[in-house]
Every structure is written in C-alpha cells, then in structure tokens.
Amino acid sequence: MTAASPLTAAAVDEAAALLAEFLPPTPLQRSERLSAATGAEVWLKREDLQPVRSYKVRGAFTLIAALPEEQRAKGVVAASAGNHAQGVAFAGQRLGVHSRIYLPRNTPRQKRDRVAALGGDMVEVIVTGEVYDDAAAAAVADAERTGAVIVPAFNAVETMAGQGAVAVEILEQLGRAPDVVTVPVGGGGLLGGMSTWLAAHASDTRLVGVEPEGAASMAAALAAGAPVTLEEVSPFVDGAAVRRVGDLTHAAVAATGAELTTVSEGAICVEMLDMYQTDGIIAEPAGAMATTVLADLDLAPGSTVVAVVSGGNNDVSRYAEIVERALVHEGRKHYFLVDFPQEPGALRRFLDDVLGPEDDITFFDYIKRNNRDTGTAVVGLELGDPDDLLPLLARMDTSPLGIETIAPDSPLFRIIG
C-alpha cells in the first residue's frame, strides 16, 4: 500500500471488531455448482443474508457509530434508491440515531416501505425529485440547513473500512487465505476496503474487481489516474450503475493495484437464473457479478476461490426481463421482421417450412395494411438449442417470405425485447 491510500488495514480491523458487536458474520458456503463447473473450490460469501440483504449496512453502521454525540444528536441524512438507504435506516435504528433518507420518486413502493420498516421511528423517508441526483441534492441541502451528517454510500473512509470487514470474516471463516477473491464493483467502497486489508494480511491472494460492461467507472478512473464521469451508464445493474467513483475509493483501489474486469448484462442474467434455480439464492444483478466472472477467469484446479454475493434485493417483477436477457445472451432468443403475403395459408407455410421442430413462437405482432399485398409481423422465436440458429437462417433464406433479422443492438429490439 502507498501513502496515497486514505485507508489503513488497522481501520478495517477496528471496523470489523465494531460490527461484530451488532451484526453476526454472514455465512461462507461452498458452491457445489460452481466448484464442479470451474474445477476450483468455490465458496460464496453470503452478504445477501445481512438483515438488509446487502453488505451496504456495514459501511453505514461503521460511519454512524463513529460519530461523536453532538453530531449524533443532529442526525444523519442519505440519498439512495436501494440498498444504501436500507443500510442507513437499519444502522440508525440500532444505534439510536435519527436518519432522514431521500428517495427519488421512481423508487418502487416496496423499497420505500422496506426502508421505513427497517428504520422504525428513527427514520424519516422523504420522496422527492424525479431521479437520484435530485434526491442527492435535497440531502445535501438538508445537511447544510440542519447540520446533519451525510452518510455516503461509498466515498468515505469509514464506509470503506466497514465494507472491508468482509475480507476479515472470509479469512476467519476459511481459516486461511484464499487463492482468489472476486468482488462486485460499483462506487468502489467494497473493493477499496477489501483490497486494503488483503494487501496487508493476504498479499498473495488474487483480488478481482468485477464491473458491469455498461458502468465500468472504476476502470475508467484507474486508466485516467483520477475519477472521471462516464457519459452513459446502463441502469440494468442498478446496484453497481455508478457514473463516477469517489476520489477516496479510487485512491484506495489504485494504491493496492487490484485487478479489474467486466461482465455482460446477459451473462449476469444467466447466472442469476442458475443461482435461483440450482442454488436457491435470490441475487440482484450486482449480487451475481462476482460469480458470473468465474467462467472467464483462469482458475487453477483445486484452488480456493471466494465470490462475494453482495446483495439479494431483487424485485420479483424483473425476472421476466432477466429470463429474456438470458435467452438472448445464450443465443436462444431471436426476433425477426416477416413480410406475409395477404393470402390464406401464409402463416401455415411459415410454420411448416421455416420453423424447426423445437422452435417456439414467443412473440407475434402482425400489422395488416389493406392497401398492400403484404403485411409485416414482428416474430420472436425461442430455439431449443443455440445451434439451431444456422439451419433456421438457411430455411429463411430459401423461403419466399421476406424475412429480416432484428439485431440485438437495434432500437426496435430494445422496445420489444
């Protein structure tokens, strides 16, 4: 570690000791599925089993607990649309510190209710603004007006120290240093804290930070030598969709030289479904990133690998989209524009001559124009096997129907997919 780091391993140890008084350690469980798939000994650090179903409670708890009495009396404020809000509410309730949490109006009702339930009579939930930035501005104005302390989601030394305590628990539970640890990365608090502690206590451990392809803000910061603001961020992996990492988290990660990589949203969706269907784990998109990346890493047979399942606050209504994205990623879901002649039997010929025996129509939207000889339909097909695509395309080429593939990156695909 260099002098540029704002965090010390000793601070992480202190945070771990503090948290042990309030939060039992989350389980470290061996994954039979991932061990068989990789040839390594894969263990899951189940932060999704925290009282707020996310590691975020660690950072909030550590920062609020460190406040002197006069600052505690003024309360704390935070802005969040997800896990951080729940962590602050829970920590404030347990520590007897009143919190005001600003949520944007697009925060789902169940998340608002959950924040209120966790904080009890020690939290005030304030819904304001259309997006997160509006809520964040309101929280800053509140702090300036009342003297309350802002609890950052990642860019604070205390927050990083608390989140870094995950590494302390891993070594205590495993009884040795693992060969590889994979960690999801959003703002960088978890990676900054864990990398600082592991650099001091398990320097031979390979630490891999995993960002979503559509929000690789830490990699951009490391490449530029300072935090930069991404022009575009995909919101799908909402727990890690950070446009700009913090200056403190960037400094901590840069000082320890942690390895960074990315995973696609489609691959995350495939892993989320595997975790749900095989392991019985409900993971949010960010919570599945650390296990998604294992298929892409060169893991030595028999090596000990720990993946941090960072959160499990996934809205059940999102699973339809997750299934769709997974099928597209696996090459089993495709969309086409088909020009049908306006005559009897046209659809029957498509079914008999073009579709394979295992192909299933999952979407069909036909627009009939009375003044035209043909009518266009948008057709979604789910294939029994990805290898069935080339034969399907060959049959389409020989069909008299006009058929055009809708590319996954086209605006139309995003509308219907």
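Predicted model: local features only at pLDDT ≥ 70, side-chain atom pairs only at ≥ 80, totals over all residues.
Entry 1, helix pair. Helix α10 covers residues 217-224 and helix α11 covers residues 247-256. They pack at an angle of about 70°, and their axes are 10 Å apart. The two helices are therefore roughly perpendicular to each other. I noted the crossing of α10 past α11 as right-handed.

Which residues make the contact between α10 and α11? From α10 I listed M218, A221 and L222; from α11 I listed T249, H250, V253 and A254. I sorted the residues of this contact by type: five are nonpolar, two are polar and none is charged.

I went back to the overall figures for the protein chain. It has 17 helices and 14 strands. Its C-alpha atoms fill a box of roughly 80 × 50 × 40 Å along the principal axes. Of its 417 residues, 52% count as buried. I also checked contacts between residues at least 6 apart in sequence: 75% of them join residues at least 24 apart.

In soluble globular proteins, nonpolar side chains tend to be buried together. I looked up the largest nonpolar core here and found 61 residues in it. Those touching the most other members are F61, I64, V76, V88, I101, M194 and W197. Helix α8, residues 157-174, gives the most to this core, with nine residues. Another core lies apart from the largest one and has 33 residues, including V180, V208, M289 and A290.

I then took V76 by itself. Leaving out residues up to four places away in sequence, V76 touches I64, L67, V88, V97, H98, S99, R100, A148, V149 and V151. Two of these names, I64 and V88, I had already written down for the largest core.

Is α3 enclosed by the rest of the structure or open to the outside? I found 10 of its 10 residues buried, so α3 is largely enclosed by the rest of the structure. The buried residues are K56, V57, R58, G59, A60, F61, T62, L63, I64 and A65.

R53 sits in the loop between β2 (41-46) and α3 (56-65). R53 has a positive phi of about 60°, although it is not a glycine. Its relative accessibility is 32%, so I put R53 down as partly exposed.

Terms used
Residues numbered from 1 in each chain as written. Heavy atoms only, no water. Helix = DSSP H or I, 4+ residues; strand = E, 2+ residues; numbered from the N terminus. Buried < 20%, exposed > 50% of the residue type's maximum accessible area, 1.4 Å probe, protein only. Core = buried A, V, L, I, M, F, W, Y, C linked by side-chain atoms within 4.5 Å. Contact = heavy atoms within 4.5 Å. Axes fitted to C-alpha atoms, helices over the stretch in contact; angles between N-to-C directions. Parallel < 35°, antiparallel > 145°, perpendicular 65-115°, else oblique. Left-handed = near helix turned anticlockwise from the far one by under 90°. Nonpolar A, V, L, I, M, F, W, Y, C, P; charged D, E, K, R; others polar.
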